[in-house]
Amino acid sequence: MFLLAFLLGCDVVPRRIEEPSEVDKFLSMQNYASACVGLKNLDDDGLRTYTAQQLVPFDTRGDARRCLCDALYVADAHRADLAVALGVQNSKRDDLAKCFAPALSDPAVEDKDKVAEALGRIGAPAGFEALEAVVKSDADVATRAAAARSLKPSSAARHTLIEAVLNDPDPTVRAAAAEGLEGKTQDEVVSAIGKVLDDDTDNNVRAVALRSLMVAKAPGAMTKVCRTLMNDEDATMRVGAAKALHGTKSATGIACLKDRLLEKEENPAVRTAVMEALGASPSDKAADALCDLIHPVMKLYVTDKIAEETQGVDICTFQNNRDHERSYECVNRAYNKGGLSCYARNHLGRWVNDLGGKAHRPLCPGMTPN
């Protein structure tokens, strides 16, 4: 029968597809129904993702559209296929978002927070509308929070997010809504974020709001964030302030981050967030700051413990990742500057040697000879 069908020129749909090359072959023949079989191989997530990616451009073809829709959410099996959803991310296709969205209202579907995130990544207006409905619903906290975060690309969702950031009873959702508002610069958004910073009783929510305030370039935002980074007694707020300055190009912001490490910061999470913020900045001033900070960070924070076993002191790695060409110069200068503990000299000596130089590494208490 197969031979007869072949001779007659008919398309024969295979029972199973195992390899991406099979998908490619069928698509080259414009045999979309056969290519779609790749979406049914539940043993191979990667193949389903690949198949979906290859089918997305053929949105005018009935077979391609139909099988993608059927694979995204299988109602009878209560299955939302995250691998297929990964393949259609950034497609901005309303039809596919509408196929996937009903999974969020199916009580038997698992991992609805991941489903919400996947729906947001499709990037379609219909998907964002469905996510807004979730934020407004009585869905569990993880799902509402995931939906709120996933609304970040949608300007139209700002009113829903404002309502959530101000009034949702759960701080996890309010923090997610603050994150979702990041990048939105309308006056009502800035006003809502300001109210959160003034009135919310949860510091996790307020810390996330700092980033949204900075991205919106609200008046006085830099002053407020720097003041928080330097003076707030709560480490969560200081971490939030450092994250608000992540990747900043502003000379003021870079100076603020540098000052935070120069004025002793006891919390290692804050120190790490500051170094991450400087490392993400494209500014030459940030690269200079990381270089200049190696000696004071070693002097302030590596005093009586092995550096490799101490959190929040890995300044050399951040500097090296940001400006590798200057690493030897920066580390060697810090090593030779003096005034360092045995542990700091041991740590910097290792870096000097790893970067091609030659430095003595003293053996400190608690260390064993290599």
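This is a predicted model: local features need pLDDT of at least 70, side-chain atom pairs count only at pLDDT 80 or more; totals for chains, interfaces and linings use all residues.
Q: Start with H14 and H16. At what angle do they pack, and how far apart are their axes?
A: The angle is about 20°, and the axes are 8 Å apart. H14 covers residues 203-215 and H16 covers residues 235-244.

Q: Roughly parallel or roughly antiparallel?
A: Roughly parallel. Angles under 35 degrees count as such, so H14 and H16 qualify.

Q: And the crossing, left-handed or right-handed?
A: H14 passes H16 in a right-handed crossing.

Q: Which residues meet there?
A: From H14, Asn203, Asn204, Arg206, Ala207, Leu210, Arg211 and Met214. On the H16 side they meet Thr236, Met237, Gly240, Ala241, Lys243 and Ala244.

Q: How do the residues of that contact divide into nonpolar, polar and charged?
A: Six are nonpolar, four polar and three charged.

Q: Switching topic. How many aromatic pairs does a search of the whole structure find?
A: One. Tyr32 and Phe58 form it.

Q: What's the geometry of Tyr32 and Phe58?
A: Tilted. The centres are 5.0 Å apart, with 50° between the planes.

Q: Where do the two sit in the chain?
A: Tyr32 is in helix H3, residues 32-35. Phe58 is in the loop between helix H4 (45-55) and helix H5 (62-72). They are 26 residues apart, and the pair links distant parts of the chain.

Q: Is Tyr32 buried or exposed?
A: Buried, with a relative accessible area of 8%.

Q: What does Phe58 count as?
A: Partly exposed, at 26% relative accessibility. Buried would need under 20%.

Conventions. Residues are numbered from 1 along each chain as its sequence is written. Side-chain values use heavy atoms; hydrogens and water are left out. Axes are lines fitted to C-alpha atoms, for helices over the stretch in contact, and angles run from 0 to 180 degrees between N-to-C directions. Helices (H or I, at least four residues) and strands (E, at least two) are DSSP runs, numbered from the N terminus. Angles under 35 degrees count as roughly parallel, over 145 as roughly antiparallel, 65 to 115 as roughly perpendicular and the rest as oblique. A crossing is left-handed if the near helix is turned anticlockwise from the far one by less than a right angle, and right-handed if clockwise. Contact means heavy atoms within 4.5 Å. Ala, Val, Leu, Ile, Met, Phe, Trp, Tyr, Cys and Pro count as nonpolar, Asp, Glu, Lys and Arg as charged, and the others, Gly among them, as polar. Rings of Phe, Tyr and Trp (its six-membered ring) pair if their centres lie within 6.5 Å; planes under 30 degrees apart count as stacked, over 60 as edge-to-face and the rest as tilted. Buried means under 20% relative accessible area, exposed over 50%, partly exposed in between (1.4 Å probe, protein chains only).
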